[in-house]
Amino acid sequence: MTSTDPIDPVAFRAFEHAGWQRAAEHYPDAFGSLTSQTIASLLDAVRLEPGTKLLDVASGPGFVAAAAAERGAIVVGVDFSPAMVDYARRRHPTLTFMEGDAEKLRLPDRNFDAVVMNFGLLHLARPEAAVSEAFRVLRTGGRYSFTVWAKPEVAAGFGIVLRAIETHGTIDVGLPIGPAFFRFSDPGECRRCLLEAGFDHVEVRELPLAWRLASADSLFDAMSRGAVRTTALLYGQTPENLSAIREAIRTTVRQYARGDAIVVPMGAVIASAIKS
Ligand SMILES: C[S@@+](CC[C@H](N)C(=O)[O-])C[C@H]1O[C@@H](n2cnc3c(N)ncnc32)[C@H](O)[C@@H]1O
């Protein structure tokens, strides 16, 4: 999921937007048990307390926003997919979710004590713009934290799927060119981007998540419905190659069976910083 061709931010954003509109109903079941594992670390990183004014950017189904509200925060969730916003509002009717673009927030300067983004940055056409926007809407002394996936060797679910595609199909299926999916898996990239936006006290570390799968088919099922770039990569294959890819993923996932459980390691990276 990398290319040396120039990024086309307009086409890439439109592709991601259409993808999330489609994936919204599948994403909570496909990825919710996984992406929710970082919530406590994110909220701790921004020192969330009762009364903290928190902005959850790329809020999706509202997992982080809901957990923060339970800890007493005053929360706003923002996401560019109306289908995601609708889902979050239905699931959490007492919380505030609004449609908006992470790269150009329609929110005033210095309005929040804390901003978080759980697995959003790697979906953006202009991630630097989103980090600058987080900086803008934070008050002085406010804290920012985001998560992304670690490299595919560490986020093994992605490694398994991408290896199967490379072996039995092709990664060249004509997707719009966006920033490299694993760009921010590199702690140096997180640090550079945060410092350039004006943040300091930058900290970056890995979080060892574990994906408990219901069956050997669950990884393919999740990736083929609940994601965007990976889903499009799968559906860009010929039917014969797609069946070979599915079989290869199933075979590899079985190697992670321990008794009745199948647990695939899915390392994440968490970065946090302060607007001093
Ligand atoms: C992987 S999901 C993460 C959802 C949620 N934060 C979680 O904890 O699971 C990525 C989310 O980013 C949203 N998104 C992608 N690009 C965006 C943008 N430019 N502005 C706002 N939201 C965006 C998508 O609609 C989707 O809900």
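How many of the six residues of strand β2 are buried? Five of them are, so to speak, covered: strand β2, residues 74–79, is mostly covered. A residue is buried if 20 or more other C-beta atoms lie within 10 Å of its own, exposed if 12 or fewer, and partly exposed in between, with C-beta atoms placed from the backbone. Helices (H or I, at least four residues) and strands (E, at least two) are DSSP runs, numbered from the N terminus.

Before going on, two notes. This is a predicted model: local features need pLDDT of at least 70, side-chain atom pairs count only at pLDDT 80 or more, and totals for chains, interfaces and linings use all residues. Residues are numbered from 1 along each chain as its sequence is written.

Back to β2. Strands β1 and β2 run parallel and are joined by five bridges; two strands pair if DSSP finds at least two bridges between them. Asp56 has Gly77 in β2 as its bridge partner.

Now the whole protein. It has 11 helices and eight strands. Its radius of gyration is 18 Å, close to the 19 Å that the globule rule gives for 276 residues, so the protein is as compact as a globular protein of that length. That radius is taken over C-alpha atoms, and the rule is 2.2 Å times the number of residues to the power 0.38. The C-alpha trace spans about 55 × 45 × 35 Å along its principal axes. Of the 276 residues, 45% count as buried.

Next, the inside. The largest nonpolar core has 87 residues, and Leu54, Val57, Val115, Val116 and Leu219 have the most contacts inside it. Such a core is a set of buried Ala, Val, Leu, Ile, Met, Phe, Trp, Tyr and Cys residues joined through C-beta atoms within 7 Å. Strand β8, residues 261–274, gives the most to this core, with seven residues. Val57 touches residues including Val78, Ala102 and Val115, not counting residues up to four places away in sequence. Contact here means that two C-beta atoms, placed from the backbone, lie within 7 Å.

Leu219 also belongs to helix α9, residues 218–225, where the buried residues are Leu219, Phe220, Ala222, Met223 and Ser224. They pack against several elements, among them α2, α7 and β8. Val161 is in helix α7. Why does Val161 count as buried? Because 25 other C-beta atoms lie within 10 Å. Leaving aside neighbours within four places in sequence, Val161 is in contact with Leu219, Met223, Thr230 and Ile249.

Two loop residues deserve a look. Most residues other than glycine have a negative phi. Arg47, not a glycine, has a positive phi of about 55°, and sits in the loop between α3 and β1. Arg47 counts as partly exposed, with 14 C-beta neighbours inside 10 Å. Phe119 is not a glycine either, and has a positive phi of about 55°. Phe119 is found in the loop between β4 and α6, and is partly exposed with 18 C-beta neighbours inside 10 Å.

Last, the ligand. Which residues are closest to the ligand? They are Trp20, Ala58, Gly60, Ser81 and Asn118, out of 20 that surround it. The elements giving two or more residues to this shell are α1 and α4. A residue is near a molecule if its C-beta atom, placed from the backbone, lies within 6 Å of it.
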